[in-house]
Amino acid sequence: MGTHRRPRQRVTGGGRARTAATITLAGAATATGLGGTGHADPQPTAAQVRAKVDKLYQQAEVATEKYNGAKEKTDAAEQRLEKLRDQAARKEDRLNSAREALGSVAAAQYRSGGLDPALQLALSADPDRYLDGAAFVERAGSRQTAAVGRVRKELRDIERLRGAARVELASLTSRRAELKRHRETVTGKLETARRLLSRLTAEERARSGQGTGDRASRSPAGDRQPLSAPSAKAPNSRAAAAVAYAYRKLGSPYVWGATGPNAFDCSGLTQAAYRAAGVSLPRTTYAQIDAGRRVARSELLPGDLVFFYSGISHVGIYVGKGQMIHAPNPSAPVRVAPVDQMPFAGAARVV
């Protein structure tokens, strides 16, 4: 009997184990199914996508201004290097001329035979003529000394210029690497924003502010802004010319790093507007804010530059009645917008 009970006990125990395992697995499957549903990240709403995209655009704009500043310095370094190379080339031309002159004097002295002056005088059939010749040789010796001095000076200058060019080239290489880093940051942020926006339908993009150029020229209330004339009078002719230029560029696309005439980033637009008015502005937002006299928000006049965010990473040109014209980001063209649309950081009056 004992031998029969033991197998039955094993069978009964195995059955209970299998039953428990089945229940456990079923429970795990149920829990997994429920958990997979309950803990999955919900799809972001259009408003949430827009918020993420706006943040990415703002970060990209910070990187864009850094790129603009780095490019300005890179261009300046390239110009300095080219100037140094031109100066060195001119010095080498003068060095070659000095060497030729030195060689001519040396050859003339060699042809004279190098005789002792007293012996040449004694052997000369015409002492008066010899004395005249001796004076020439003495002058030639002075010219030789001067030629040697010129050669030495040109060599020193050339070495100095080459040293400066090596330093400038090292600086240029570093700035180009910096430029590449900022470019990669900008393009990375913009690509992420593009992928997020691609998840939205055209209707959702329109509702969340990704409208057409027609929508871009409207205020949030939907009132169309004037497209050819300022909404308030500028204080002087240059400010008026800058504002008029900005109005003419409404609808132009935003392209990071662009300064016109057909596409702009934010500081590129303000720079181009004032360039059209005969005023030279720096390239970046954080330099433009120091290009004029700071003014309070309550004192704004058409033509004033208005800046946004704590890092001074965005700029527009004030046109009056609480409105500005700016190049927002790749999702919208140059347009009229309220000054209070973004965190206000300051303003500057250029003229």
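## Overview

Of the chain's 351 residues, 36% count as buried (under 20% relative accessible area, with exposed meaning over 50% and partly exposed in between; 1.4 Å probe, protein chains only). The model is predicted, so local features need pLDDT of at least 70 and side-chain atom pairs count only at pLDDT 80 or more, whereas totals for chains, interfaces and linings use all residues. Residues are numbered from 1 along each chain as its sequence is written, and side-chain values use heavy atoms, with hydrogens and water left out.

The protein chain has nine helices and six strands (DSSP runs numbered from the N terminus: helices are H or I of at least four residues, strands E of at least two). Among contacts (heavy atoms within 4.5 Å) with a separation of 6 or more in the protein chain, 65% are between residues 24 or more positions apart.

## Helices H7 and H8

Two packed helices are described by the angle between their axes and the distance between the axes. The axes of H7 (residues 237-248) and H8 (residues 266-276) come within 7 Å and cross at roughly 130° (axes are lines fitted to C-alpha atoms, for helices over the stretch in contact; angles run from 0 to 180 degrees between N-to-C directions). H7 is therefore oblique to H8 (under 35 degrees is roughly parallel, over 145 roughly antiparallel, 65 to 115 roughly perpendicular, the rest oblique). On the H7 side, Arg238, Ala239, Ala242 and Tyr245 make the contact; on the H8 side, Ala272, Ala273, Tyr274 and Ala276 do. These residues divide into seven nonpolar, no polar and one charged (Ala, Val, Leu, Ile, Met, Phe, Trp, Tyr, Cys and Pro are nonpolar; Asp, Glu, Lys and Arg are charged; the others, Gly among them, are polar).

H8 is mostly covered, with nine of its eleven residues buried. The buried residues of H8 include Cys266, Leu269 and Tyr274. Just after H8, glycine 278 has a positive phi of about 85°.

## Two buried arginines

Arginine 349 lies in strand E6 (residues 344-349) and counts as buried because its relative accessibility is 15%. Its side chain forms a polar contact of 2.9 Å with that of aspartate 304 (a pair of N or O atoms within 3.5 Å; within protein, one must be able to donate a hydrogen and the other to accept it, and residues adjacent in sequence count only if both atoms are side-chain atoms). Leaving aside residues up to four places away in sequence, arginine 349 touches Gly292, Arg293, Val295, Glu299, Leu300, Leu301 and Asp304.

Arginine 50 is in helix H2 (residues 46-111) and, at 13% relative accessibility, is also buried.
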